[in-house]
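My notes follow in the order of looking.

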Amino acid sequence: MGEERRGDVGHESKNPYYEGKKYKEPTYCTNCDLVYREGRWIEGSISSEEDPHEALCPACRRKRDRNPEGLVYLSGNYFQEHKKEILQLVKNDEEKAKQTRPLQRLMWADEESNSMELATTNEHLARRIGKSIARAHDGDLDIKSGHNERLVRVYWTRED
Ligand SMILES: [Zn+2]
């Protein structure tokens, strides 16, 4: 005993991004400085007496691997015309989520000629973004989750 088996601390899930995975306490994320305490990743600090473990939190791991749990596709003429407002809404949603769930983040926003793809570390954030855009701007919202993979695709479009 005493040696940590890497990546196999808990047995809850084979998914390496599993947010409920257990880490030794305290552990801090070497990328975003979140701290793992009392069973969850939170904003916090490490005191000088502590000898923390180091890891990548599940959100930073997804970012590194470019492996999102949610994808949001935005398209349509209306989207092009109201892009600024809509992206502001997305930002607000991310901020709100982060306050209570710091692992829920945007990973990227890729602009294509006529649409935009947003990737999130967490499926709930993708759903939340889709729903709040639909609430504020109508349009067509379609949410599809895969059977095997835990990946949610959220499509929102509005032409005029
Ligand atoms: Zn992190």
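How many aromatic pairs does the structure hold? I worked on a predicted model, and the structure holds 5 aromatic pairs.

I looked up one of these, Tyr-73 with Tyr-155. The two rings are stacked, at 5.0 Å centre to centre and 20° between the planes; planes under 30 degrees apart count as stacked. I then checked where the partners sit. Tyr-73 belongs to strand β5 (residues 70-75) and Tyr-155 to strand β9 (residues 152-157), so I noted a pair that links distant parts of the chain, 82 residues apart.

Next I looked up accessibility for both partners. Tyr-73 has 23% relative accessibility and therefore counts as partly exposed. Tyr-155 has a relative accessible area of 32%, so this residue is partly exposed as well.

I also noted an aromatic cluster, formed by Tyr-23, Tyr-36 and Trp-41.

I turned to the helices. At what angle do the axes of α3 and α4 cross? For helix α3 (residues 83-100) and helix α4 (residues 123-137) I found a crossing at roughly 135°, with the axes coming within 10 Å. The two helices are therefore oblique to each other. The crossing of α3 past α4 is right-handed.

I listed the residues that make this contact. From α3 they are Glu-85, Ile-86, Leu-89, Val-90, Asp-93, Glu-94, Lys-96 and Ala-97. From α4 they are Leu-125, Arg-128, Ile-129, Ser-132, Ile-133, Ala-136 and His-137. Sorted by class, the contact of α3 with α4 has 8 nonpolar, 2 polar and 5 charged residues.

Definitions and conventions: Residues are numbered from 1 along each chain as its sequence is written. This is a predicted model: local features need pLDDT of at least 70, side-chain atom pairs count only at pLDDT 80 or more; totals for chains, interfaces and linings use all residues. Side-chain values use heavy atoms; hydrogens and water are left out. Axes are lines fitted to C-alpha atoms, for helices over the stretch in contact, and angles run from 0 to 180 degrees between N-to-C directions. Helices (H or I, at least four residues) and strands (E, at least two) are DSSP runs, numbered from the N terminus. Angles under 35 degrees count as roughly parallel, over 145 as roughly antiparallel, 65 to 115 as roughly perpendicular and the rest as oblique. A crossing is left-handed if the near helix is turned anticlockwise from the far one by less than a right angle, and right-handed if clockwise. Contact means heavy atoms within 4.5 Å. Ala, Val, Leu, Ile, Met, Phe, Trp, Tyr, Cys and Pro count as nonpolar, Asp, Glu, Lys and Arg as charged, and the others, Gly among them, as polar. Rings of Phe, Tyr and Trp (its six-membered ring) pair if their centres lie within 6.5 Å; planes under 30 degrees apart count as stacked, over 60 as edge-to-face and the rest as tilted. Buried means under 20% relative accessible area, exposed over 50%, partly exposed in between (1.4 Å probe, protein chains only).
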